[in-house]
Amino acid sequence: MDRNGSFPANIEDISSEPDALASVTVIVCSSCRDETGSDAHPRAGALLAEDTRRAATSENIRIRTVECLGNCKRRLSAALLRDGCWSYVFGDLNAASGADLVAGAKLFATSTDGLIPWRGRPDSLKRGLVARIPPLDMLKD
C-alpha cells in the first residue's frame, strides 16, 4: 500500500516506453446529455468523443465510445483503462474536455506505478474523479 492508501500495480510490469500510449484506452460515454438534459443530437457525449479524437490525432491512444457508463448524475463521463493498472471513471466533463482526457492518458501511460499521478493531472480530472477500480489480479478474497 502506498502513502495514499492505494495499492499500486506491480511496478515491474508497467512499461514507460515511448509506445506506452498504445496501452491506454479512453472510453467516452456517447449518450451523455449536457447540463440542460437536452435530448438533442448529437449528444454532448458524442461531441466529447469527437473532441477527444481530435485531441488524440497525433497520439497513439485508443478512443472508444460506449452507449452508457451509468454515471448520469455526473453528466459527461469517460473512463481511462490500462491493462494491469487501476481504471478511472470521470464525470462532470464538458464537450471540450478531450484535451484533458488525452493529457490524463499520457500521464497514465508513463506512470511507473500504474496510477495516474495527481500532480500534473488536469483540474477536470481532479474534480471529476468518480471512481478508481483496481485490476482484477490485485483483488484478494
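This is a predicted model: local features need pLDDT of at least 70, side-chain atom pairs count only at pLDDT 80 or more; totals for chains, interfaces and linings use all residues.

Visitor: In which sense do E4 and E5 pair, and over how many bridges?
Guide: E4 and E5 are antiparallel partners, joined over 4 bridges. Strands count as paired if DSSP finds at least two bridges between them. Residues are numbered from 1 along each chain as its sequence is written, and side-chain values use heavy atoms, leaving out hydrogens and water.

Visitor: What is the order of the strands in the sheet?
Guide: The order is E2-E1-E3-E4-E5, in an open sheet of 5 strands with mixed pairing. At its edges are strand E2 (62-66) and strand E5 (129-133), each of which pairs on one side only.

Visitor: How many helices and strands does the chain have?
Guide: There are 3 helices and 5 strands, which are DSSP runs numbered from the N terminus (helices: H or I, at least four residues; strands: E, at least two). Starting at the N terminus, the elements follow one another as β-α-β-β-β-α-α-β.

Visitor: New topic: how many aromatic pairs are there?
Guide: The search of the whole structure gives 2 aromatic pairs. Rings of Phe, Tyr and Trp (its six-membered ring) pair if their centres lie within 6.5 Å; planes under 30 degrees apart are stacked, over 60 edge-to-face, and the rest tilted.

Visitor: Why is the pair of tyrosine 88 and phenylalanine 90 called stacked?
Guide: The planes of tyrosine 88 and phenylalanine 90 stand at 5 degrees, with the ring centres 6.1 Å apart, so the pair is stacked. Tyrosine 88 also forms an edge-to-face pair with phenylalanine 108, at 5.5 Å centre to centre and 85 degrees between the planes. Because tyrosine 88 belongs to strand E4 (residues 87-93) and phenylalanine 108 to helix H2 (residues 98-110), this pair ties together parts that are 20 residues apart in sequence. Tyr88, Phe90 and Phe108 make up one aromatic cluster.

Visitor: Which residue lies over the face of phenylalanine 108?
Guide: That residue is arginine 82, at 5.9 Å from the ring centre. The face of tryptophan 86 has arginine 132 over it, at 4.4 Å from the ring centre. The criterion is NZ of Lys or CZ of Arg within 6 Å of the ring centre and within 35 degrees of the ring normal.

Visitor: And which residues have the most contacts inside the largest nonpolar core?
Guide: They are Val26, Leu93 and Leu101, in a core of 28 residues. Such a core is a set of buried Ala, Val, Leu, Ile, Met, Phe, Trp, Tyr and Cys residues joined through side-chain atoms within 4.5 Å. E1, H1, E3, E4 and H2 each give two or more residues to this core, and H2 supplies the largest share, 5 residues.

Visitor: What is leucine 93 in contact with, leaving aside its neighbours within four places in sequence?
Guide: The partners of leucine 93 include Leu48, Leu76, Leu101 and Leu125, where contact means heavy atoms within 4.5 Å.

Key: Buried means under 20% relative accessible area, exposed over 50%, partly exposed in between (1.4 Å probe, protein chains only).
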